[in-house]
Amino acid sequence: MNQASNTDIYAEAMSKVLQKQQKLIDGIDVLMNIEYEDHDKTPKELVYQEDKMKLYRYISTTKPKTKIPTLVVYALMNRSYIMDIQRDKSFIKKLLDEGLDLYIVDWGYPTAEDRYITMEDYIEGYLGNAIDYIRKTHNLDKINIISKCQGGTFCTIYSALYPEKIKNLVTIAAPFDFSTDDGLLFKWAKDMNVDGLVDAYGIVPGTFLNSCFVSLKPYSLLVDKYIGLIDGLDDKNFLSDFLGMEKWLFDSPGQAGEAYRKYMKDLWQDNKLIKGEFTLGGKKVDLKNVTMPLLNVVGDKDNLIVPAASKPLNDAVGSKDKELVTYPVGHAGIVA
């Protein structure tokens, strides 16, 4: 009886080994023939360009339900195509299907000559000029903004300086109160030698920033997900999703040194924005001047921009019409 039982266990183990081997063989075949460049496929046209910043307008898929166009603004530190990561999971396509007239900013990839670009250049220059282009094109005083991560911080600063130009403001997983110790990134940033980093590189390497983000969850992002990949290696849809996200995750532009210096020192280290001490181009940024309707969207499982950094915005602004919405998702999953 015992011998028979051992034989059964051995047979079951060998069967599992053979199944894994077959899955690996099938997976290699799928991998050699898969098409995963499905991101950023929603049709759009270039309508304005200034240096490396490009402004695109999406081709509408349905009759617009509003006369007010919406500008989507992502962070400098990752590529905005996470908003259009796949045709069946596209945040952009969903907004178009809902009847929005949609624009998006592409910040591009800074190179050596961009090291002296400042936060003023990004917010009042590139972002402000893109907003003014849309306002002029549509003959409107105000437009809507949907902003993500660092883009949300930038757009909120702009909205505080120029509230007369913004109709509605949406922020998604964006940091405003940098005093929290809830996330490792916020702890590390407080002791970072920002001046040494910027002075040494000029353009802060995207690979450095990416290594910091990955280090927040090293086992999950460097080990566990690749082990789990084996189980879905022969699944074309799973593999396409996986490779698309991997491409985006490691597609990290470098950062213009002077803009990065002020962003990290004034906000991440000195927390000047939420304290009402932040200035841009010699002008004080008072969040109470953000008086337009505000929707602040937060991911409860966001380990990069933790909820404690995002939620205080609602108490800081002057908007009477404001709402805080939370979802049980992470930083990328909130739009992907």
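User: Does Ala173 count as buried or exposed?
Analyst: A heads-up first: this is a predicted model, where local features need pLDDT of at least 70, side-chain atom pairs count only at pLDDT 80 or more, and totals for chains, interfaces and linings use all residues. Numbering runs from 1 along each chain as its sequence is written, and side-chain values use heavy atoms, leaving out hydrogens and water. Buried means under 20% relative accessible area, exposed means over 50%, and partly exposed is in between (1.4 Å probe, protein chains only). Ala173 comes in at 1% relative accessibility, so it counts as buried.

User: Where is Ala173 found, and what is its phi?
Analyst: Helices (H or I, at least four residues) and strands (E, at least two) are DSSP runs, numbered from the N terminus. On that scheme, Ala173 is in the loop between β6 (166–172) and α5 (184–190). Most residues other than glycine have a negative phi. Ala173 is not a glycine, yet its phi is positive, at about 50°.

User: And Asn139, buried or exposed?
Analyst: Asn139 is in the loop between α3 and β5 (143–148). It also has a positive phi without being a glycine, near 55°. With 71% relative accessibility, Asn139 counts as exposed.

User: How many helices and strands does the chain have, and what percentage of its residues count as buried?
Analyst: The chain has 13 helices and 12 strands. Of its 336 residues, the share that counts as buried is 49%.

User: At what angle do α3 and α4 pack?
Analyst: Axes are lines fitted to C-alpha atoms, for helices over the stretch in contact, and angles run from 0 to 180 degrees between N-to-C directions. Under 35 degrees counts as roughly parallel, over 145 as roughly antiparallel, 65 to 115 as roughly perpendicular and the rest as oblique. By those cut-offs α3 and α4 are roughly perpendicular to each other. Helix α3 (residues 119–138) and helix α4 (residues 150–161) have their axes 10 Å apart and pack at an angle of about 75°.

User: Which residues of α4 does α3 meet?
Analyst: Contact means heavy atoms within 4.5 Å. By class, this contact has 10 nonpolar, one polar and two charged residues, where Ala, Val, Leu, Ile, Met, Phe, Trp, Tyr, Cys and Pro count as nonpolar, Asp, Glu, Lys and Arg as charged, and the others, Gly among them, as polar. From α3, the residues include Met119, Tyr122 and Ile131. On the α4 side they are Phe154, Cys155, Ile157, Tyr158 and Leu161.

User: How do the buried residues of α6 sit around its axis?
Analyst: Helix α6 (residues 194–201) has Val194, Leu197 and Val198 buried. The arc is taken from the directions from the helix axis to the C-beta atoms. Looking down the axis, those buried residues line one face of the helix, because they fall within an arc of 90°.

User: At what angle do the axes of α6 and α10 cross?
Analyst: These two helices are roughly antiparallel to each other. The residues in contact include Val194, Leu197 and Val198 of α6 and Tyr260, Arg261 and Met264 of α10. By class, there are five nonpolar, two polar and five charged residues. The axes of α6 and helix α10 (residues 257–269) come within 10 Å and cross at roughly 175°.

User: How many of the residues of α10 are buried?
Analyst: Among the buried ones are Tyr260, Tyr263 and Trp268. Helix α10 is largely enclosed by the rest of the structure, because the buried residues number 10 of the 13.

User: What is the relative accessible area of Lys262?
Analyst: Lys262 lies in helix α10. Leaving aside its neighbours within four places in sequence, its contacts include Met119, Glu120 and Phe278. Lys262 is buried, with a relative accessible area of 19%.

User: Is Asp114 buried or exposed?
Analyst: Asp114 is in the loop between β4 (102–106) and α3. Beyond its neighbours within four places in sequence, it is in contact with Lys52, Ile203 and Ala256. At a relative accessible area of 9%, Asp114 is buried.
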